[in-house]
Amino acid sequence: RMFDAAPAAGSRSLTSFTMQDISILTWACAKLNARCDSLFAQIATVAPAKLTSGPVSTQSLANVAWAYARSNVAAPQLLDELGARAFLRVGEFKPFELAMLLWALARRRRPHASLFEAAAEHLERKIEKLPPRSVSNVAWAYATADIRNEQLFRAIARNFSARLHEETTSPQAVVNVAWSFCVFSLYPAELMRALAHRINQTPVGSVTPVAYLSQLVQLDNALRLDAPALLLRLDPSLVEACVSVIREEQLTRVKPSNLHLHVSDALRHMKIEHQNEFVVPGLSYSVDIALRAPRLLIEVNGTEVHARAHGAPGGAQLMKYRHLCASGWRVLVVTEEEWRALGSSLEAQCGFLAEHISQCGRLPVILGLDAEAERGAASVPLASPSGEPAERGAASEVRASDR
């Protein structure tokens with residue numbers, strides 16, 4: 001009842017709140033999973049100004065970012081301002097606070113590149129001060145934001161190898177670390193074998209989050225396609241169990257987005273046969289649109305679902321595209337920003353698709369990515385570094401509440 005009344009009470013007094021007050025309130029709402037969307041939306045309009053009007057602790061910066069990441073309330077201006085302020089004070093953060101902040105910005109697709117770069121050096125020196133869960137969150141944040149720092153990942157490899165069998169190292173933390181190294185095509189052999197062994201010991205079931213299962217499938221694809229020299233795979237029965245649950249979820253998933261349907265309508269107008277919500281054989285990746293004849297896949301990237309910013313794909317999508325290309329498919333990425341630029345003209349939309357589909361038939365590239373993203377998606381394995389779950393034991397099953 002108290003949190004039900006919070007939006008009304010908050011709207012009358014937010015102007016008198018300090019950032020510490022806002023930090024405590026948003027953290028409490030998110031910690032208790034209280035739905036205070038209206039309150040969070042109001043806070044997002046007043047908090048950016050308060051960041052410059054008085055002293056703000058690093059804990060407050062991290063708590064507010066974490067709360068918005070947990071609540072899923074859109075607040076791009078606030079998150080960008082939090083990232084900018086944190087960058088100016090990166091050396092003042094405790095390692096745990098910094099890990100929490102980076103995780104939150106990556107989850108909400110608002111990574112501040114300069115902050116991530118500066119934080120990497122800070123965290124590399126103090127990685128031993130972080131619990132395994134925070135180490136995994138750091139790895140996940142950099143991989144999701146597609147911000148590569150090999151020195152930081154070397155430190156993560158050394159730290160996590162030594163703590164892999166601690167009781168506080170959860171199954172989700174193990175998968176996050178393994179998945180993150182795969183995003184960047186980094187495969188320290190000893191660490192990857194230890195991670196795979198631990199993963200194979202962890203059963204999955206109907207209560208396991210689909211996101212966790214998807215990570216396992218993508219991890220197995222990475223070991224097979226990106227690092228065949230390791231001769232390392234996840235247990236086939238484990239992967240099949242993951243695929244089975246994912247396919248069931250794909251059959252009951254929500255309808256395609258309006259943007260996706262507009263692209264499909266244009267293809268239909270061009271009399272191009274295609275299949276929506278296509279599951280790629282052998283990889284179990286779901287893609288938006290498939291043209292089977294030229295083996296072309298079209299991914300329609302909205303700014304919230306897939307994007308880092310302005311429709312640019314993050315680390316998970318780039319690894320997915322890399323695996324699709326390695327399996328003989330071509331990939332065309334259509335972003336919401338460029339589709340909207342075409343307006344409502346069906347002629348312009350069809351012309352755009354015709355040009356890019358034609359290019360896909362001639363060029364062995366992933367069309368629709370900027371040069372940096374394309375390099376990430378098409379990269380081959382590089383020299384490897386040397387060597388939100390509840391905490392559970394190695395043989396525990398991952399449940400929805402663990403994430």
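Modeller: Helices here are DSSP runs of H or I with at least four residues, numbered from the N terminus (strands are E runs of at least two). A helix's expected span is 1.5 Å times one less than its number of residues. This is a predicted model, where local features need pLDDT of at least 70 and side-chain atom pairs need 80 or more, while totals for chains, interfaces and linings use all residues. Residues are numbered from 1 along each chain as its sequence is written, and side-chain values use heavy atoms, leaving out hydrogens and water.

Biologist: How do you know that the span of helix 3 agrees with its 14 residues?

Modeller: At 1.5 Å a residue, residues 37-50 should span 20 Å, and the end C-alpha atoms are 20 Å apart, so the two agree.

Biologist: Where does helix 3 bend?

Modeller: At A44, by about 35 degrees, with the proline P48 following within four residues. The bend is the angle between axes fitted to the seven residues ending there and the seven starting there.

Biologist: Which residues of helix 3 are called buried?

Modeller: Buried means under 20% relative accessible area, against over 50% for exposed and partly exposed in between, with a 1.4 Å probe on protein chains only. L39, F40, I43, A44, A47, P48 and K50 are buried.

Biologist: What does Y68 touch?

Modeller: Counting contacts as heavy atoms within 4.5 Å, and skipping residues up to four places away in sequence, Y68 touches T26, F40, I43, A44, V73, A75, L78, L79 and R108.

Biologist: How many aromatic pairs are there?

Modeller: Rings of Phe, Tyr and Trp (its six-membered ring) pair if their centres lie within 6.5 Å; planes under 30 degrees apart are stacked, over 60 edge-to-face, the rest tilted. That gives seven pairs.

Biologist: Why is the pair of F153 and F181 called edge-to-face?

Modeller: Their centres are 5.0 Å apart and their planes sit at 75 degrees, so edge-to-face it is. The pair links helix 9 (residues 150-163) to helix 10 (residues 171-183), 28 residues apart.

Biologist: What makes F153 count as buried?

Modeller: Its relative accessibility is 0%. F181 is buried as well, with a relative accessible area of 0%.
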